[in-house]
Amino acid sequence: MVAASRAVLSSPHAASPGAAMVRAAPSSVVPLPRTRVRSAVVSSSSPAAAVAASEPAGRILSAGSDGALWPKPAVLVAEKLSEAGLTVLRQFADVECAYGMSPAELLAKVAQFDALIVRSGTKVTREVLEASRGRLRVVGRAGVGIDNVDLQAATEHGCLVVNAPTANTVAAAEHGIALLASMARNVSQADAALKAGKWQRSKYVGVSLVGKTLAVMGFGKVGSEVARRAKGLGMHVIAHDPYAPADRARAIGAELVSFDDAITRADFISLHMPLTQATSKVFNDESFGKMKTGVRIINVARGGVIDEDALVRALDSGKVAQAALDVFTEEPPAKDSKLVLHENVTVTPHLGASTVEAQEGVAIEIAEAVVGALRGELAATAVNAPMVPAEVMSELAPYVSLAEKLGRLAVQLVAGDSGGIKGVKVVYTSARDPDDLDTRLLRAMVTKGIVEPVSSTFVNLVNADYTAKQRGLRIIEERVSHESPAAEAPLESIQVRLTHVQSKFAGAIIDGGAGDIVLEGRVKYGVPHLTVVGPYEVDVSLEGNLILCRQVDQPGMIGKVGKILGQRNVNISFMSVGRTFRGKQAIMAIGVDEEPDKDTLENIGKIPAIEEFVFLEL
């Protein structure tokens with residue numbers, strides 16, 4: 001549920017762009033401008049779904065799988081990426097490599113691109129996302145950490161953030177072990193001394209690793225790989241990670257313990273945690289004070305997790321015997337950094353992922369993730385969107401379209417003087433157990449259908465809940481059991497109910513006056529169909545545009561409306577009539593391929609038996 005208090009609509013014209021409605025008098029026809037709306041990244045497999053509807057002149061067009069031309073997305077690569085990754089990108093998009101840009105240069109360029117790929121050196125701030133003016137759909141982080149990307153701002157702007165968390169796992173773990181061994185045996189210091197002409201065997205006596213306790217702080221992909229290798233060196237491994245499953249730790253031979261237990265028992269501490277508000281400077285004077293005297297620290301994760309001034313004090317006092325660091329709070333660190341220049345510190349310039357194999361693997365992994373996102377696929381490495389498994393995405397595909405179209409139709413029925421939408425109730429009828437029905441994507445698409453036609457906001461799975469909350473749109477979901485255990489389809493129907501609103505089309509209202517606009521649909525033969533409008537049952541394919549007429553149930557109505565449309569060369573794709581009782585009221589739903597002009601709509605409104613009608617865009 002998304003809870004808030006304000007209404008999503010306020011302007012009479014904003015309530016229904018592209019909709020024209022007549023009750024009886026021809027003079028009441030008010031045609032409103034059509035609204036061009038982009039498709040959500042997650043709602044289509046077409047590459048065009050990922051780019052804005054209006055493209056700059058001169059964009060290169062490519063042919064899609066259906067033979068139609070669509071503009072190639074543009075990708076900006078801001079930091080060095082191997083040729084293997086660039087090759088993947090160039091097969092799908094126009095690629096520009098602009099390495100070493102200043103923040104100002106990035107702000108000036110970003111609005112020209114649909115995707116941006118960075119490493120750790122480029123900060124993707126709120127200002128960058130705002131400067132993209134809504135065009136930037138995907139940010140790819142070539143690596144694991146995403147602390148240089150403003151995830152909140154990206155989510156607000158509907159921008160998917162993906163990373164490459166697996167390709168450099170082994171390289172980072174190997175570098176951690178290399179620093180561990182190098183530090184324990186004073187390799188870098190002895191090397192520097194010997195090259196300076198000094199033979200100091202007694203000065204650089206090291207310590208053995210076998211039998212020592214290593215605390216792995218952060219037991220994710222890299223941390224667990226470090227643990228495996230440390231076990232091979234004969235070390236006893238303990239680990240701290242509040243989210244790590246105990247069975248995975250046991251399988252490796254590691255013991256999961258509390259933070260304080262880990263740092264107080266360890267002879268060596270290897271850091272593999274992300275940089276968050278909770279972990280920023282978590283290794284400080286207080287935590288160093290709890291450690292064994294003579295502890296040794298390795299960091300190949302993020303520099304910001306260590307209070308560097310506190311570490312210098314701990315090194316000077318002997319509390320920390322040695323440190324081996326690949327990352328720093330500020331990169332590159334200052335030339336006169338006391339930490340870097342400390343005799344008991346081994347340093348490398350952020351080389352954790354710097355192997356030939358890892359660089360190529362990361363490049364391919366991030367390129368494939370970015371291309372997949374631009375194609376409309378939700379990448380498994382997305383970090384600011386709920387994960388919807390691929391099999392669920394495939395199964396729900398036609399229902400995704402149905403959910404969006406029901407929302408789009410419903411918002412066009414809202415009257416401008418209704419005070420806006422007070423709330424939305426989405427009812428899913430299914431034979432499945434509620435735990436087996438993932439409705440996050442469907443909820444996002446209902447939100448998309450309601451919000452996009454009346455605003456310039458681009459809505460997708462990434463920002464749907466945030467957008468609804470910001471606009472005061474309260475969405476409640478309900479699941480209704482459908483007694484059909486043999487049903488293979490995930491859903492029998494979806495109902496969208498806008499509560500306590502005035503409608504331009506009274507026939508869509510249940511409970512009269514400021515009641516509820518109710519639309520319901522289902523998927524038939526893979527195609528979304530509208531099956532309920534207010535109290536009326538209909539059966540119309542949700543393709544093209546739609547005219548709804550409420551009329552007196554009498555013979556000849558279909559012919560009269562059809563004749564008017566035919567005379568104006570408006571092709572009818574389907575027609576369906578639903579009624580409450582014979583001879584009373586009925587609703588006629590007419591699918592049309594073209595948008596009727598004002599005169600055509602006025603002529604339909606002049607038919608005496610027609611009480612009201614509305615033209616709706618899909």
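Which residues of S13 lie on one side and which on the other, and are they buried or exposed?

1. Strand S13. Val295, Ile297 and Asn299 on one side of S13, and Arg296 and Ile298 on the other, are all buried, so that both faces are covered. Here buried means under 20% relative accessible area, exposed over 50% and partly exposed in between, with a 1.4 Å probe and protein chains only. Because five of the five residues of S13 (residues 295-299) are buried, the strand is largely enclosed by the rest of the structure. S13 pairs with strand S12 (residues 268-271) in the parallel sense over four bridges, and Phe268 stands opposite Arg296. Strands pair if DSSP finds at least two bridges between them.

2. Basis of the note. This is a predicted model, in which local features need pLDDT of at least 70 and side-chain atom pairs count only at pLDDT 80 or more, whereas totals for chains, interfaces and linings use all residues. Residues are numbered from 1 along each chain as its sequence is written, and side-chain values use heavy atoms, with hydrogens and water left out.

3. The chain overall. The protein chain has 18 helices and 26 strands; these are DSSP runs numbered from the N terminus, helices being H or I of at least four residues and strands E of at least two. Of its 618 residues, 53% are buried. Among contacts with a separation of 6 or more, 66% join residues 24 or more positions apart, a contact being heavy atoms within 4.5 Å.

4. The five-stranded sheet. An open sheet runs in the order S5-S4-S6-S7-S8, with parallel pairing. Its edge strands, S5 (94-97) and S8 (160-163), each pair on one side only. From one strand to the next the twist averages 20 degrees. S7 (residues 138-141) pairs with S8 over four bridges, and Gly140 stands opposite Val162 in S8.

5. Helices on the sheet. Helix H1 (residues 83-90) packs on the sheet and touches S4 (74-77), S5 and S6 (115-118), its direction making about 145 degrees with that of S5. Helix H13 (residues 356-374) lies across S4, S6, S7 and S8, at about 170 degrees to S7. Axes are lines fitted to C-alpha atoms, for helices over the stretch in contact, and angles run from 0 to 180 degrees between N-to-C directions.

6. The H1-H13 contact. H1 and H13 pack at about 15 degrees, with their axes 7 Å apart. H1 is therefore roughly parallel to H13, a term for angles under 35 degrees. On the H1 side the contact is made by Ala84, Gly85, Val88 and Leu89, and on the H13 side by Glu360, Ala363, Ile364, Ala367, Glu368, Val370 and Val371. By class, eight of these residues are nonpolar, one is polar and two are charged; Ala, Val, Leu, Ile, Met, Phe, Trp, Tyr, Cys and Pro count as nonpolar, Asp, Glu, Lys and Arg as charged, and the others, Gly among them, as polar.

7. Thr531. Thr531 is found in strand S21 (residues 527-533). Its relative accessible area is 10%, and Thr531 is therefore buried. Leaving aside residues up to four places away in sequence, Thr531 touches Glu520, Gly521, Arg522, Tyr536, Glu537 and Val538.

8. Asn571. Asn571 lies in the loop between helix H17 (557-567) and strand S24 (572-579). With a relative accessible area of 42%, Asn571 is partly exposed. Beyond residues up to four places away in sequence, Asn571 touches Gly591, Val592, Asp593 and Glu594. The C-alpha atoms of Asn571 and Glu595, 24 residues apart along the chain, are separated by 9.6 Å.

Methods. Angles under 35 degrees count as roughly parallel, over 145 as roughly antiparallel, 65 to 115 as roughly perpendicular and the rest as oblique.
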